Amino acid sequence: MSESILVVEDDPTVANNVARGLSRDGHAVTAVGTCKEALAELAYRSFDVILLDLRLPDGDGLEVLDEIRKGSPETFTLVMTAYASIESAIDALRRGAHDYVLKPLALADLRAKVERVARNRQVERENVRLRAIVRGDSDAIAALRRGGQHMARVADLVDRVAPTQANVLVTGESGTGKDLVARALHERSTRGSGPFVAFSVGAIPEALVEAQLFGYERGAHFGADAACDGLFRAASGGTLLIDDVGELSALAQTKLLRAVETKEILPLGADHPRRVDVRVVAATHRDLAAGVRQGTFREDLFYRLNVVTVDIPPLRQRKSDIATLARELLERHARTYQRPVVAFTEDAIACLERYAWPGNVRELSNAIERATIVCDGDAITAAHLPPVVSGMPPPASQDGGSSGAPEPLLDPNLERATATFQREHVRRVLERTNGSRDDAARLLGLSPATLYRYLQKLGLKGFRADDEDARSTKDDPS
C-alpha cells in the first residue's frame with residue numbers, strides 16, 4: 001500500500017525526518033519548503049497525500065490548500081500546525097483539509113495516519129477494479145481477445161497469471177504487442193487501480209537509465225538541481241513495465257536484481273535504500289537465455305524475471321488471425337479519421353494474409369491506416385494497400401510515367417522478392433520524408449532502431465540520421 005506523498009515543510013530537519021520515516025514504509029516522498037515549490041510540484045504531477053505546514057516563508061499554507069482543492073480534490077490533505085495556531089488548523093478543515101497534526105510531530109502518529117489513508121485508498125481502488133472486471137471493461141484484455149485465436153490464448157494466460165504477484169517476462173518481436181500484454185496484466189491484477197508506468201531501456205542513453213529507474217538525490221550529479229523519485233517510486237502500488245530489458249548495462253542489471261529481490265532501491269546520491277511496492281513486468285525481443293549463455297545477461301536476474309513467460313508469436317505465424325485483426329484495426333482507424341470504410345475486398349484480405357509482416361501488428365496497423373485514408377469508397381481493395389503489401393507496382397510518376405519497356409519478370413524466390421519490395425518501399429518512404437529516419441520510422445510503424453537495422457540489411461545508405469535517431473540507435477538495437 002504505497003502512496004505518493006508531498007511534504008511541504010520549511011524546516012529541513014523536520015522535512016527530512018518525515019520523508020525518511022515515510023520512505024522506509026515504502027511510500028514515494030517528495031519534500032519542498034515553500035509555497036512556490038509546492039505549487040510547482042502540483043502543476044507537474046498529482047499526489048495521493050499532502051502533508052502541509054500552514055506557516056511557510058513565502059506565504060500562507062492555506063493558499064496552497066485552496067489550489068489543492070481546486071485541482072485535485074481527491075488528494076488527502078493533512079495540515080501540520082503548532083498548538084498555538086490551532087485556529088488555523090480548524091480554518092483549514094473548513095476549507096477542505098481532511099485532518100491535522102500538532103507540532104512537534106510524533107512520527108509514529110503521523111505514520112499511522114498515513115497508513116490508515118493508504119488502506120482506505122487501497123480498498124477504494126480495489127472496488128473500482130472489481131467493478132470494472134464485473135462489467136468486462138478491461139480495455140487491454142478485450143483488445144487481446146479481439147486479436148484472433150492465438151491472441152485469445154495469450155489473453156487466457158494473462159487472466160490466470162495477473163491476479164498473482166509473480167514477475168512476468170513478455171517476449172516477442174518488435175511490434176507484436178508486448179506493451180498491450182503488460183497493460184492487460186496490470187488491469188487484471190490486484191494492482192489494477194494503481195499506476196501503470198512503462199519504460200523503454202532503448203529509448204534513452206545508457207548513462208541515464210539508472211537515474212530514470214531508481215531516481216537520484218539533489219546534487220547527486222551535475223545538473224541535479226532537484227531530487228527525482230524515479231520510475232520505481234512513481235509506479236508504487238502498481239506495475240512497472242521495463243521494455244527492452246535485454247539492453248540493460250551490467251550495473252543496471254545488478255540494481256534491478258536488488259530491487260526485484262528485496263523490494264528496495266538506492267537512488268543515486270542517497271545514503272539509505274527506499275522501500276518500493278512494485279510488480280515488475282519485463283519485456284524483450286531478445287533471447288535472454290542466449291544472453292545468459294553468452295555472459296551478457298545475469299543468470300540470477302533472468303530467473304527472477306522469468307517466473308512466468310508470456311510469448312507473443314509474430315504475425316507471420318498467426319495467419320489465421322490477420323483477417324480478424326485487420327477488421328478490428330479498420331474499425332478503429334475509420335472511427336479516428338471519420339471515414340466511411342467498413343470492409344475489405346477478398347483480394348485485399350488475400351494480400352494481407354500473404355505478406356510476411358516483418359513489422360508485425362504495428363506495420364499492419366500502419367498499412368490499414370494508410371488504406372483507410374486513401375480509400376474513397378466503403379471497402380479497401382488491394383490497390384489501396386502499400387505496394388510492398390499488395391505486390392502491385394507503384395503508380396507511374398507524373399513526370400512522364402513509365403518508359404514503355406516491358407516490366408521485368410517477378411523473382412520466383414519469395415525471400416528475394418520480399419526483400420526487393422521492402423527495399424523499394426522503405427526507399428520511397430524515406431524520399432517522402434526527405435531522408436528523415438525518425439519520420440520514416442513513424443510512417444512505417446517501426447522504431448528508429450528497427451528501421452536502422454532495415455537500412456543496413458537492405459543496403460540503403462545515404463539517408464540522414466536525426467539527432468534523436470542517432471542517440472536511440474547508438475545503444476539500442478531494438
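Guide: What follows sets some labels against their cut-offs, for a model that is predicted.

Visitor: Why is Thr-239 called buried?

Guide: Its relative accessibility is 1%. Buried means under 20%, so Thr-239 counts as buried. Thr-239 lies in strand S10, residues 239-243.

Visitor: What makes the pairing of the Thr-239 and His-186 side chains a polar contact?

Guide: The two side chains are 2.8 Å apart at this contact. The cut-off is 3.5 Å between N or O atoms, with one able to donate a hydrogen and the other to accept it. The pair therefore counts as a polar contact.

Visitor: Why is the link between Arg-95 and Asp-66 called a salt bridge?

Guide: The N to O distance is 2.5 Å. A salt bridge needs a side-chain nitrogen of Lys or Arg within 4 Å of a carboxyl oxygen of Asp or Glu, so this pair qualifies. Arg-95 sits in the loop between helix H4 and strand S7, and Asp-66 in helix H3, 29 residues apart.

Visitor: What makes Asp-229 and Arg-233 a salt bridge?

Guide: Their side chains meet at 3.9 Å, N to O. The limit is 4 Å, so the pair counts. Asp-229 is buried, at 11% relative accessibility. Arg-233 is buried too, at 5%.

Visitor: Why is Glu-63 called partly exposed?

Guide: Its relative accessibility is 48%. Glu-63 is in helix H3. With Glu-37, Asp-58 and Asp-60, Glu-63 forms a patch of negative charge on the surface.

Note on methods:
Residues are numbered from 1 along each chain as its sequence is written. This is a predicted model: local features need pLDDT of at least 70, side-chain atom pairs count only at pLDDT 80 or more; totals for chains, interfaces and linings use all residues. Side-chain values use heavy atoms; hydrogens and water are left out. Patches are made of residues with over 30% relative accessible area and no salt bridge: like charges are joined within 9 Å, nonpolar side chains (Val, Leu, Ile, Met, Phe, Trp, Tyr) within 5 Å. Accessible areas come from the Shrake-Rupley method with a 1.4 Å probe; for residues, only the protein chains shown count as cover. Lys and Arg count as positive and Asp and Glu as negative; His and the chain ends are not counted. The place of a charge is taken as NZ of Lys, CZ of Arg, CG of Asp or CD of Glu. Helices (H or I, at least four residues) and strands (E, at least two) are DSSP runs, numbered from the N terminus. Buried means under 20% relative accessible area, exposed over 50%, partly exposed in between (1.4 Å probe, protein chains only).
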